[in-house]
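Q: Could you take a close look at one part of this model with me? I would like to follow how some of its pieces sit against each other.

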Amino acid sequence: MNSTSATLAAWGNAWLSGHVGLDEAVDAVERHGGPQVIGTVPPGDLPFEEGVPLRAALVRLRGLPGTRPAMFRLALPVQGDPLGLVGPGEFNQAALEAREGVLLRLADRQVGLVPTTDRRGSSYVGVSWSPYPANDTIPQVPGLAEAEQGLKTTLIEVARELEGVDDVAGFAPAVQRRVAALDARHADGVLPPGYPQRARGVAEQAARLAAVVDLADDRAGRGLSAHQADARSRSLRRLDAAVRRALVAAHASLPR
């Protein structure tokens, strides 16, 4: 769950709260996903221009009357669990296909941003953010304490459920390498300066578990019986849901 949307939401909020400058925030986002631009803009009254770099788009929003950014919210939806989405259908569908997105609260409206990989030629890889009109409502997401407890409980239950699955032990070396790489990328924490310490801790634990879920998906349960494969799949879906809730809740715990 290497979410570009999570990075934009976190550093965007750190910028809006005054804990980092715009250049520092955009640099952090681009270290994660490469150069960032605004992608296809659908017809309608959206304050974005196609092809404009993300940095310039945010500067323009800050300067336009009635469009000053107020808050970034993270969405990590999957089919059957539209976590963080508010509609309408076009935005929801795009975010579901990407399995991520950002709600940007402006002074006069709310806009959805959905990332896609931007490839040009053989060497350029970046991110293109497609803007969509979003319903002007607050998404229904868990609070930090609820999400933290849910993550702890789910982890205990999933570990118990997977005791009889033969391939669990085989994850250990690869998981350690993945988590070590994660720690190297986020030496100062998953969340930027300004976020409450509790939110930072929840986000870091969720990011580590997300790496475990991603690696488990890659292995696809090879060598398991049908019963083991079914139990493994159910358990990983439960853990994935708890991880996504923890990440969304941590990112919504706005910097002070």
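At what angle do helix H1 and helix H2 pack, and how far apart are their axes?

A: Happy to! Keep in mind that this is a predicted model. Helix H1, residues 4–16, packs with helix H2, residues 22–33, at an angle of about 170°, and their axes are 9 Å apart. Because an angle over 145 degrees counts as roughly antiparallel, H1 is roughly antiparallel to H2. On the H1 side, the residues that make the contact are Thr4, Thr7, Leu8, Trp11 and Trp15, and they meet Leu22, Glu24, Ala25, Ala28, Val29 and His32 of H2. Sorted by class, this contact has 7 nonpolar, 3 polar and 1 charged residues.

Charged side chains come into view elsewhere in the model, which holds 15 salt bridges. One of them joins Asp81 and Arg244, at 2.8 Å from N to O. This pair links distant parts of the chain, 163 residues apart: Asp81 lies in the loop between strand S2 and helix H4, and Arg244 lies in helix H8. Both Asp81 and Arg244 are buried, with Arg244 at a relative accessible area of 4%.

Arg244 also forms a salt bridge with Asp240, where the closest N and O atoms are 2.9 Å apart. Asp240 and Arg244 are 4 residues apart in helix H8, so about one helical turn separates them. Asp240 is buried too, at a relative accessible area of 11%. These residues belong to a network of salt bridges that links Asp81, Arg99, Asp240, Arg244 and Arg245.

Methods: Residues are numbered from 1 along each chain as its sequence is written. This is a predicted model: local features need pLDDT of at least 70, side-chain atom pairs count only at pLDDT 80 or more; totals for chains, interfaces and linings use all residues. Side-chain values use heavy atoms; hydrogens and water are left out. Axes are lines fitted to C-alpha atoms, for helices over the stretch in contact, and angles run from 0 to 180 degrees between N-to-C directions. Helices (H or I, at least four residues) and strands (E, at least two) are DSSP runs, numbered from the N terminus. Angles under 35 degrees count as roughly parallel, over 145 as roughly antiparallel, 65 to 115 as roughly perpendicular and the rest as oblique. Contact means heavy atoms within 4.5 Å. Ala, Val, Leu, Ile, Met, Phe, Trp, Tyr, Cys and Pro count as nonpolar, Asp, Glu, Lys and Arg as charged, and the others, Gly among them, as polar. A salt bridge is a side-chain nitrogen of Lys or Arg within 4 Å of a carboxyl oxygen of Asp or Glu. Buried means under 20% relative accessible area, exposed over 50%, partly exposed in between (1.4 Å probe, protein chains only).
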